[in-house]
Amino acid sequence: AGLVSITAGCAAVEPWEAIIIGLLGGFAYQGISMLMTKLKVDDVVDAVAVHAGCGLWGILAVGFFGNPDEGIGGNGVFYGGDQLGTQIFA
């Protein structure tokens with residue numbers, strides 16, 4: 001779940017930000033997996049929880065993290081950037 005979460009922003013965030021994104025992706029996976037079970041959706045391998053849930057979180061996470069001053073392409077809200085709007089639109 002963490003690897004899926006960080007895939008979208010791997011080139012735009014620092015390693016410590018990647019750890020946070022992956023950790024939050026694990027929580028997203030667990031919550032969505034439990035929701036799928038509660039809704040009685042038959043997803044034996046939890047593909048929806050991993051790929052849709054964590055992938056969506058990963059896309060949004062790019063908009064939060066990534067310091068433009070580091071020169072690695074980030075423009076996150078936490079650093080005063082406006083990337084989140086672009087990520088929501090995507």
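## Basis of the model

The model is predicted, so local features need pLDDT of at least 70 and side-chain atom pairs count only at pLDDT 80 or more, while totals for chains, interfaces and linings use all residues. Residues are numbered from 1 along each chain as its sequence is written, and side-chain values use heavy atoms, with hydrogens and water left out.

## Overall fold

The protein has 4 helices and 0 strands. Helices here are DSSP runs of H or I with at least four residues, strands are runs of E with at least two, and both are numbered from the N terminus. Along the sequence the pattern reads α-α-α-α. The C-alpha trace spans about 45 × 25 × 15 Å along its principal axes.

Of the 90 residues in the protein, 36% are buried. Buried means under 20% relative accessible area, exposed means over 50%, and partly exposed lies in between (1.4 Å probe, protein chains only). Contact means heavy atoms within 4.5 Å. Among contacts between residues at least 6 apart in sequence, 48% join residues at least 24 apart.

## Helix 2 against helix 3

Two packed helices are described by the angle between their axes and the distance between the axes. Helix 2 covers residues 15–38 and helix 3 covers residues 47–64. Their axes come within 8 Å and cross at roughly 140 degrees. That angle makes helix 2 oblique to helix 3. Angles under 35 degrees count as roughly parallel, over 145 as roughly antiparallel, 65 to 115 as roughly perpendicular, and the rest as oblique. The axes are lines fitted to C-alpha atoms, for helices over the stretch in contact, and the angles run from 0 to 180 degrees between N-to-C directions.

Helix 2 passes helix 3 in a right-handed crossing. Helix 2 contributes Ile-21, Leu-24, Gly-25, Tyr-29, Ile-32, Ser-33 and Met-36 to the contact. Helix 3 brings Val-48, Ala-49, Val-50, Gly-53, Cys-54, Trp-57 and Ala-61. By class, the contact has 11 nonpolar, 3 polar and no charged residues. Nonpolar covers Ala, Val, Leu, Ile, Met, Phe, Trp, Tyr, Cys and Pro; charged covers Asp, Glu, Lys and Arg; the others, Gly among them, are polar.

## Aromatic rings

Rings of Phe, Tyr and Trp (its six-membered ring) pair if their centres lie within 6.5 Å. By this rule there are 3 aromatic pairs. Ring pairs link Trp-57, Phe-64, Phe-65 and Phe-78 into a cluster. Trp-57 also belongs to the helix 3 side of the contact with helix 2.

Most residues other than glycine have a negative phi. Lys-40 has a positive phi, near 60 degrees. Asp-46 has a positive phi too, near 55 degrees. Lys-40 lies in the loop between helix 2 and helix 3, and Asp-46 is found in that loop as well. Lys-40 is exposed, with a relative accessible area of 73%. Asp-46 counts as buried, at 15% relative accessibility.

Ala-11 sits in the loop between helix 1 (2–7) and helix 2. Ala-11 is exposed, at 58% relative accessible area. Ala-11 and Ile-72 are 61 residues apart in sequence, yet 6.8 Å apart in space, C-alpha to C-alpha.

Trp-16 is in helix 2. At 48% relative accessibility, Trp-16 counts as partly exposed. Trp-16 and Ile-59 are 43 residues apart in sequence and 17 Å apart in space, C-alpha to C-alpha.

Terms used: Rings of Phe, Tyr and Trp (its six-membered ring) pair if their centres lie within 6.5 Å; planes under 30 degrees apart count as stacked, over 60 as edge-to-face and the rest as tilted. A crossing is left-handed if the near helix is turned anticlockwise from the far one by less than a right angle, and right-handed if clockwise.
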